[in-house]
Amino acid sequence: MKFTAQQIADLLQGQIEGDGSVMISKLSKIEEGEPGSISFLANPLYTPYLYKTNASLVIINKDFVLTAPVSATLLRVESAANAFTQLLEMYNQVKLNKKGISKMAFIAESATIGQDIYAGEFAFIGDNAKIGNHVKIYPQVYVGDNVVIGDNTTLFAGVKIYSETVIGKDCIIHSGTVIGSDGFRFNPENDHKKVPQTGNVIIEDNVEIGANCAIDRATLGSTILRKGVKFDNLIHIAHNVEVGENTYFAAHGVVAGSTKIGKNCMFSGQVGIVGHLQVADNTIITAQSGISKSITKPGETYMGSPAFDANKYRKAFVHFRNLDALVQRVAILEKQLKAAEVKEG
């Protein structure tokens, strides 16, 4: 698709400086700008690129002061970063606006399908599933029996949704993720027999789950991701876990069974949390930390494995880093003490 600079300016409610008729057909970084592309300048570190970019249109802040001639047409807005984000959202909407049901998709007769959905090649929708309006189900997605999916949710290629899972509105689930597989539970007192996992997974509205995540179904009841939860790739959530609203997980996070995590928490990469704990609202956990006991005070930052208060950890780490030197000093003092004792004797 092609748009003129002026059309984009009208869309973003900005002001053109230069040729408003220049045609734009793609997006680019300002340092990699090409003719026919649009870019933006928000970070002052990239200012030099404005004067040498080959992009045809550059979005800049309204109050930006030029210090040299610019070959590109300029589009002045209140916030270049926000305007370009808006443009990216529009671009994504157009790019991902797939519709129609492929002849090679399978939809059970007992399934209920909403309006204006997309189901790609080899997508499978099982018995009694309920699919909302404007849902997008990409090729090779499996939707099991009795699954409920809310309006405007997108399941990218290869997602597997086990039976009885409930997914809310406006969710995004990326390729390779499995939702509703059995929780990891065996009984060592009964010949290690598998404990049946008869619960389900509930995912509320506006949740995004990255690629290759695994969300286990509950033994009884539900594993729950509350509204606004955001997962990076490669996150594992065990059976009966509950993750509070607007909590963020970076990659490689693991939460063991029956742990309850509060609202607005932020977990960096490779955080591990053992089972049957409580984590308070607004908790921050730094990368590679291990949580082995409940966190009851909201708003704390934890670090280390086993993790404790981040400020205390940093102070303790200074001593740990100097531990070898301290050991050598103690060894020298012990030798001096023994030598003194021998001399006195």
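This is a predicted model: local features need pLDDT of at least 70, side-chain atom pairs count only at pLDDT 80 or more; totals for chains, interfaces and linings use all residues.
**Entry 1: the largest pocket**

I began with the largest pocket and looked up its volume. It holds about 570 Å³ of space. Next I wanted its lining. I count 21 residues there. Nearest the centre of the largest pocket lie Asn92, Gln93, Leu96, Thr154 and Ile172.

Which element gives the largest share of the lining of the largest pocket? I find helix α3, residues 80–95, with six residues. By class, I noted nine polar, seven nonpolar and five charged residues in the lining of the largest pocket.

**Entry 2: the second largest pocket**

I then turned to the second largest pocket. Its volume is about 310 Å³. I list 14 lining residues for it. Met1, Phe3, Leu27, Leu87 and Tyr91 are the ones nearest its centre.

I checked where this lining comes from. α1 (5–12), β4 (26–27) and α3 each give at least two residues to the lining of the second largest pocket. The largest share is again a matter of α3, which supplies four residues. How does the lining of the second largest pocket divide by class, and how many residues are nonpolar? I get 11 nonpolar, two polar and one charged.

So much for pockets; I moved on to strands.

**Entry 3: the nine-strand sheet**

I traced an open sheet of nine strands with parallel pairing. I wrote down its order as β10-β13-β16-β19-β24-β27-β30-β33-β36. Which strands are at the edges? They are β10 (112–113) and β36 (278–279), each pairing on one side only.

Within this order I looked at β24 and β27. Strand β24 covers residues 200–203, and strand β27 covers residues 222–225. The two run parallel and are joined by four bridges. I followed isoleucine 203 across to its bridge partner in β27, leucine 225.

**Entry 4: around β21**

My last stop was strand β21, residues 178–181. I found two bridges between β21 and strand β18, residues 160–161, and the two strands run parallel. Opposite isoleucine 161 I see isoleucine 179 in β21.

I also looked for pairing between β21 and strand β26, residues 214–216. How many bridges join β21 to β26? I count three, with the strands parallel. Here serine 181 stands opposite aspartate 216 in β26.

Key: Residues are numbered from 1 along each chain as its sequence is written. Side-chain values use heavy atoms; hydrogens and water are left out. On a 1 Å grid over the protein atoms alone, a cavity is a set of points where a 1.4 Å probe fits but cannot get out, and a pocket is an open set with protein on both sides within 12 Å along at least five of seven lines; lining residues have an atom within 4 Å of a point. Grid points are joined across faces, edges and corners, and a volume is the space filled by probe spheres set on the points. Ala, Val, Leu, Ile, Met, Phe, Trp, Tyr, Cys and Pro count as nonpolar, Asp, Glu, Lys and Arg as charged, and the others, Gly among them, as polar. Two strands pair if DSSP finds at least two bridges between them.
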